[in-house]
Amino acid sequence: GHALVFIINKAYADKYKGKCVLRLDDTNPEKSSQEYVDSIEEDCQWLKLKYDEKISASTHMEQYYKYAEQLIDMKRAYVCFCAQEEVKQGREKRKRCSCLTKYNHKEEWEKMLEGKYKEEQCSLRLVGDMTSDNGVLRDPIIMRISYHPHYLQKKKYHVWPMYDFQSAIEDSLQKITHVIRSKEFELRLALHNLLKDLLKLSKEEVIEIGRFNIIGKPTQGREIKKLLDEGKAKGWDDPQLVTIMALRRRGFDPQTFWDLAKEVGLSKSETNISEEMLETLNRKRIDKKAKRYFMVENPKKIMIGDHKLKETTVPLHPEIKEHGHRIIKISNEFYVEDDIKKGKIYRFMHLFNFKDNKFVSEPYDQKLNAQLIHWLPVNKDLINVEVLMTDGTIKEGLAEPAIKEAKVDDVIQFERKFFARLVKKEKEKLYFVYTHK
């Protein structure tokens, strides 16, 4: 979802010859980390998403302090010593906290900055509108205490801005003119605008669009984090997930996400994307690039003893001649994965038709109504393959020798089965991750 919104921002900036800014909202020291920053930059690079400027909000802490003090001087912010539950109840009951009239807030603010208070002992709140039907405006917390070391600022700061305060100021600092973001921030816009009015900051044109969901898959960060913490996913690139990292690992083409962004556009309603839609868009991108190879799962030997063929030439792609072909040497023994039934005609793809383990004919003949099945010749050069599937299971089988020519990161198609990305090569075995059908 974040990637799609950023692609839309970038496409919008390009269309109107503007600049696109990557802003890292990293002012929550408990949740910000270098790992996330590296991951975002890596995703952007892979998606060919070029931004004009990168900003880390945590580098502007002094400016947030300056604006916080300005609000205190204007009597529009106060230091509140209530516990979180008290703050929550007061906001629900639309009752303003008595802290507003109890303390010298400039002095208490300075004590906060000097480190004289513990975490959750106090916070800085905006004097908002306690009668508002929009709960966001009811004296929200705008600064809080956290002694957790920050990945970038280390222990330099311990009073941190909340997202709404930081974001409202940051937009103006960077002279942002247009913001395209998820509709879940819709109620927060009133607070952002109130802060900008009080601090005489510029306002932007805000375009809010519906959230993107992949049907049946967790797409919110907290949901994915829960799966990771519970050991149900083995990393942000686990093929069970639909993160950019996971889809990249599976072999999706980066251009697919630009196609998807154009497809869903600037709709305000929530967009539920099926995996099938995502796979269909990606199939258009990879189908003609991916070379075809034979693979047989759970191989069983059969004998076809009366054919005269010694080898067969098979194209690496049915339509793209430039991909070339491979020559498969054959004997009388074959591996199959299907149960061969007596009296039924079968066809080995690109080879011949047979019935009851006897050769029938070589050309494809529609009148035979033969069942097309996978096959491999029995020989010592066949390659063991392993495919990690999206449900975490492993498929194993044998593949033809020509597959050794594939390079790591190549997306290939196991003929009439599925696409897969090669992730590791060993002398006797190749390892793949499932892409899609």
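**Exercise 1.** Work out in what order the three strands of the open sheet lie, and which are the edge strands.

*Solution.* Two strands pair if DSSP finds at least two bridges between them, and β13 and β21 (376–377) are the edge strands, since each pairs on one side only. Strand β16 (residues 333–336) pairs with β21 over two bridges in the antiparallel sense, and here Phe334 stands opposite Pro377 in β21.

The model is predicted: local features need pLDDT of at least 70 and side-chain atom pairs pLDDT 80 or more, while totals for chains, interfaces and linings use all residues. Residues are numbered from 1 along each chain as its sequence is written, and side-chain values use heavy atoms, with hydrogens and water left out.

**Exercise 2.** Describe where Asp306 is found and which residues Asp306 touches.

*Solution.* Begin with the location: Asp306 is found in the loop between β13 (300–303) and β14 (311–315). Finally, not counting residues up to four places away in sequence, Asp306 touches Lys358 and Phe359, a contact meaning heavy atoms within 4.5 Å. The side chain of Asp306 reaches the backbone nitrogen of Phe359 at 2.8 Å.

Methods:
Helix = DSSP H or I, 4+ residues; strand = E, 2+ residues; numbered from the N terminus. Polar contact = N/O pair within 3.5 Å; in protein donor to acceptor, adjacent residues only side chain to side chain.
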